[in-house]
Amino acid sequence: SQAKNYVARAFRAIADPHPSSSAFDSLWKRFASCCAYCGTKMTRAPKQAHYDHLLPGGGNRLSNFVLSC
């Protein structure tokens, strides 16, 4: 099953690539640098903010990502 999961992840990376770092700039603007869940103001410091999938299994479209603390 481990090999099957590895192959599935590799295929998704090709078929549904992760947005570029410049695309995530628009995400910061859309959420005004605040957590989508609690509204906490964040900076781009390492380990402070995360990109979270809004809908699990919803793909890597930029519209499926939110900022979270």
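A nonpolar core is taken here as a set of buried Ala, Val, Leu, Ile, Met, Phe, Trp, Tyr and Cys residues joined through side-chain atoms within 4.5 Å, where buried means under 20% relative accessible area, exposed over 50%, and partly exposed in between (1.4 Å probe, protein chains only). The structure is a predicted model, in which local features need pLDDT of at least 70 and side-chain atom pairs count only at pLDDT 80 or more, whereas totals for chains, interfaces and linings use all residues. Residues are numbered from 1 along each chain as its sequence is written, and side-chain values use heavy atoms, with hydrogens and water left out.

The protein chain contains two helices and two strands, which follow one another from the N terminus in the order α-α-β-β; helices (H or I, at least four residues) and strands (E, at least two) are DSSP runs, numbered from the N terminus. Of the 69 residues in the protein chain, 22% are buried. The protein chain exposes about 5,100 Å², of which carbon and sulfur atoms supply 60%, as computed by the Shrake-Rupley method with a 1.4 Å probe, only the protein chains shown counting as cover for residues.

The largest nonpolar core is made up of seven residues, namely Phe24, Leu27, Trp28, Cys35, Met42, Phe65 and Leu67. Helix H2 (21-30) and strand S2 (65-68) are the elements that give two or more residues to this core, and the largest share, three residues, comes from H2.

Phe24 also takes part in aromatic pairing. Rings of Phe, Tyr and Trp (its six-membered ring) are paired if their centres lie within 6.5 Å, with planes under 30 degrees apart counted as stacked, over 60 as edge-to-face and the rest as tilted. The structure holds two such aromatic pairs. Phe24 and Tyr51 form a stacked pair, at 3.9 Å centre to centre and with 15 degrees between the planes, and this pair links distant parts of the chain, since Phe24 lies in helix H2 and Tyr51 in strand S1, 27 residues apart. Phe24 is buried, with a relative accessible area of 5%, whereas Tyr51, at 37%, is partly exposed. Phe24 and Phe65 form an edge-to-face pair, at 5.3 Å centre to centre and with 85 degrees between the planes; here too distant parts of the chain are linked, with Phe24 in helix H2 and Phe65 in strand S2, 41 residues apart. Phe24, Tyr51 and Phe65 form one aromatic cluster. Residues up to four places away in sequence being left aside, Phe24 touches His18, Pro19, Arg44, Tyr51, Leu62 and Phe65.

Most residues other than glycine have a negative phi. In the loop between H2 and strand S1 (50-53), however, Ala32 has a positive phi, near 50 degrees, and Ala32 counts as partly exposed at 43% relative accessibility. Ser33, found in the loop between H2 and S1, likewise has a positive phi, of about 60 degrees, although it is not a glycine.

In the loop between S1 and S2 lies Asn64, which is buried, with a relative accessible area of 1%. The side chain of Asn64 reaches the backbone nitrogen of Leu55 at 2.9 Å. Beyond residues up to four places away in sequence, Asn64 touches Asp52, His53, Leu54, Leu55, Gly58 and Gly59.

How values were computed: Contact means heavy atoms within 4.5 Å. A polar contact is a pair of N or O atoms within 3.5 Å; within protein, one must be able to donate a hydrogen and the other to accept it, and residues adjacent in sequence count only if both atoms are side-chain atoms.
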